[in-house]
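Welcome! Take a moment to look over the chain shown here, and then we will walk through its parts together.

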Amino acid sequence: MAWERTDPNVLELPSGRLVRGRSLHAASASEETAPGFELILLGKRHEFESQIAAPSAADESRWVKWPDFWLPSDPRDAAEAMHELWKHAESLRVGVACSGGRGRIGTAMACIAIIDGVAPHEAVSLVRRGYDARAVETPWQNRFVEEFTGR
């Protein structure tokens, strides 16, 4: 079952794929609304492990080491994870989660939009219009998106 385009925090990509962003501090989703695949962007592995143990956790999760307000510790691993999410989005409910729900998620969603075919200089605007007006919080996150090649 896919997200609905009108569901809160869901970004529709030009291909029609839908990606939901969520703050890990918000109320937990029910098992009925848990994604089939979710990227969890956190700075520490133990933070990730506590999230995947939650009853409403995604069927499958992937951790990307990404400290708050910064960039992924391993950009190549992050790009691979975003490609994996994009592929899963064709047939599963997919999501991106972090502590706050704006900077890291917005940056990842903008990169996923580039994978989907959006020009790098348009990706942040797409995410700000479709997900959160304050997504992609720092100048270095914005630069990361502009330099992201989709590979």
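## A helix across the sheet

Helix 2 (residues 75-88) lies across strand 2 (18-23), strand 3, strand 4 and strand 5 (94-98), and runs at about 155° to strand 4. Here helices (H or I, at least four residues) and strands (E, at least two) are DSSP runs, numbered from the N terminus. Axes are lines fitted to C-alpha atoms, for helices over the stretch in contact, with angles from 0 to 180 degrees between N-to-C directions.

Helix 3 (residues 103-115) also packs on the sheet, where it touches strand 1, strand 2, strand 3 and strand 5. The direction of helix 3 makes about 145° with that of strand 5. Contact means heavy atoms within 4.5 Å.

## About the model

This is a predicted model, in which local features need pLDDT of at least 70, side-chain atom pairs count only at pLDDT 80 or more, and totals for chains, interfaces and linings use all residues. Residues are numbered from 1 along each chain as its sequence is written, and side-chain values use heavy atoms, with hydrogens and water left out.

## The overall plan

The chain has 5 helices and 5 strands. From the N terminus on, they run β-β-β-α-β-α-β-α-α-α. Buried residues (under 20% relative accessible area, 1.4 Å probe, protein chains only) make up 50% of the 151 residues.

The 5 strands form an open sheet in the order 1-2-5-3-4, with mixed pairing. Strand 1 (10-12) and strand 4 (60-65) stand at the edges with a single partner strand each, so one side of each is left without a neighbour in the sheet. Two strands pair if DSSP finds at least two bridges between them.

Strand 3 (residues 37-42) and strand 4 pair in the parallel sense over 6 bridges. Leucine 39 has arginine 62, in strand 4, as its bridge partner.

## The nonpolar cores

Which residues have the most contacts inside the largest nonpolar core? They are Leu41, Met82, Leu85, Val96 and Phe148, in a core of 38 residues. Helix 3 gives the largest share of this core, 9 residues. Such a core is a set of buried Ala, Val, Leu, Ile, Met, Phe, Trp, Tyr and Cys residues joined through side-chain atoms within 4.5 Å.

Not counting residues up to four places away in sequence, phenylalanine 148 touches Ala79, Met82, Cys111, Ile114, Ile115 and Pro120. A second, separate core of 6 residues includes Ile40, Leu42, Phe48 and Ala97.
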